[in-house]
Amino acid sequence: LSPVCLGSLRRAAIASQNNGIVVIYKGWLKRMTCIQKIEHKEILGDPICDLRYVPAVIPQLLVYCQDNALYIFGLKRYELRQKFTGAACATHALKAEVSPDGKIVTAGSEDGMLRFWNTKNGRIISQIPVGHNAHIVDVSWHPTEHMVAAVGFGHFATLRVWDNTIESD
């Protein structure tokens, strides 16, 4: 597992190592320089299965670890801003995403549940069984509508889309 994402902050490329270290590079192509490492005790030693750059007033990074938790780090001071627990992620490369309005984190899970958390307080808002106990391997928010899609993995893999079902408060 070595996820990577691109962010507009300082033209950054962000990658992870299998030991829970996140590395932020500045520049593009041949002129990439490591400008920061996030070696936070909460994620250190845990494989990271997904990274997502979150544009905001203070840009953030969503990190999904195989310790059954997700984390949001601020990319100005590289501090842990929120932890989200309750996911089941120990063996597969699952995906997570922040809603376009920045209020909700959603993630796939190995137990077939799609989970939604409030980004401000870290609490689970909703848990939806996607069906057939398939691992939910990927999620995607619509860029302008309040819609989210999730897809399972395996023989009974299912693609489902929800519209206006989750509120952050």
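## Terms and model

Buried means under 20% relative accessible area, exposed means over 50%, and partly exposed lies in between, with a 1.4 Å probe and protein chains only. By that scale Gln36, at 26% relative accessibility, counts as partly exposed.

This is a predicted model, in which local features need pLDDT of at least 70 and side-chain atom pairs count only at pLDDT 80 or more, while totals for chains, interfaces and linings use all residues. Residues are numbered from 1 along each chain as its sequence is written, and side-chain values use heavy atoms, with hydrogens and water left out.

## Overall form

The protein has zero helices and 15 strands; helices (H or I, at least four residues) and strands (E, at least two) are DSSP runs, numbered from the N terminus. Its radius of gyration is 15 Å, close to the 15 Å that the globule rule gives for 169 residues, so the protein is as compact as a globular protein of that length. The radius is taken over C-alpha atoms, and the rule is 2.2 Å times the number of residues to the power 0.38. Along the principal axes, the C-alpha atoms fill a box of roughly 45 × 30 × 30 Å.

Of the 169 residues, 48% count as buried. Among contacts with a separation of 6 or more, 40% are between residues 24 or more positions apart, a contact being heavy atoms within 4.5 Å.

## Surface and charge

The accessible surface comes to about 8,800 Å², and carbon and sulfur atoms hold 51% of it. Accessible areas come from the Shrake-Rupley method with a 1.4 Å probe; for residues, only the protein chains shown count as cover.

There are 18 positive and 15 negative side chains, and the centres of the two sets lie 11 Å apart. Lys and Arg count as positive and Asp and Glu as negative, with His and the chain ends not counted. Each charge is placed at NZ of Lys, CZ of Arg, CG of Asp or CD of Glu.

## Nonpolar cores

In soluble globular proteins, nonpolar side chains tend to be buried together. A nonpolar core here is a set of buried Ala, Val, Leu, Ile, Met, Phe, Trp, Tyr and Cys residues joined through side-chain atoms within 4.5 Å. The largest has 18 residues, of which Ile14, Val22, Ile38 and Leu61 touch the most other members. Strand S2 (12-16), strand S3 (22-26), strand S5 (48-54), S6 and S7 each give two or more residues to this core. A second, separate core holds 16 residues, including Cys49, Tyr64, Leu70 and Ile72.

Leaving aside neighbours within four places in sequence, Ile38 is in contact with Gly20, Ile21, Val22, Ile24, Ile43, Leu61, Phe73, Leu75 and Tyr78. Gln36 is in strand S4 (residues 33-38). With residues up to four places away not counted, Gln36 touches Val22, Val23, Ile24 and Tyr78. The C-alpha atoms of Gln36 and Val22 are 8.4 Å apart, across 14 residues of sequence.

Phe84 is in strand S8 and is buried, with a relative accessible area of 0%. Beyond four places in sequence, its contacts include Asn68, Leu70, Ile72, Val105 and Trp117. From Phe84 to Thr106, 22 residues apart along the chain, the C-alpha separation is 9.9 Å.

Val98, in strand S9 (residues 96-98), counts as buried at 12% relative accessibility. Residues up to four places away aside, Val98 touches Val54, Leu62, Ile72, Ile104, Val105 and Trp141. Val98 and Glu39 are 59 residues apart in sequence and 22 Å apart in space, C-alpha to C-alpha.

## Loop residues

Most residues other than glycine have a negative phi. Asn68 has a positive phi, near 70°, and sits in the loop between strand S6 (60-65) and strand S7 (69-74). At 32% relative accessibility, Asn68 counts as partly exposed. Tyr78 also has a positive phi, of about 60°, although it is not a glycine. Tyr78 lies in the loop between S7 and strand S8 (80-85) and is buried, with a relative accessible area of 15%.

His146 is in the loop between strand S13 (135-141) and strand S14 (147-153). His146 is partly exposed, with a relative accessible area of 23%. The C-alpha atoms of His146 and Asp101 are separated by 9.1 Å, and the two residues are 45 apart along the chain.
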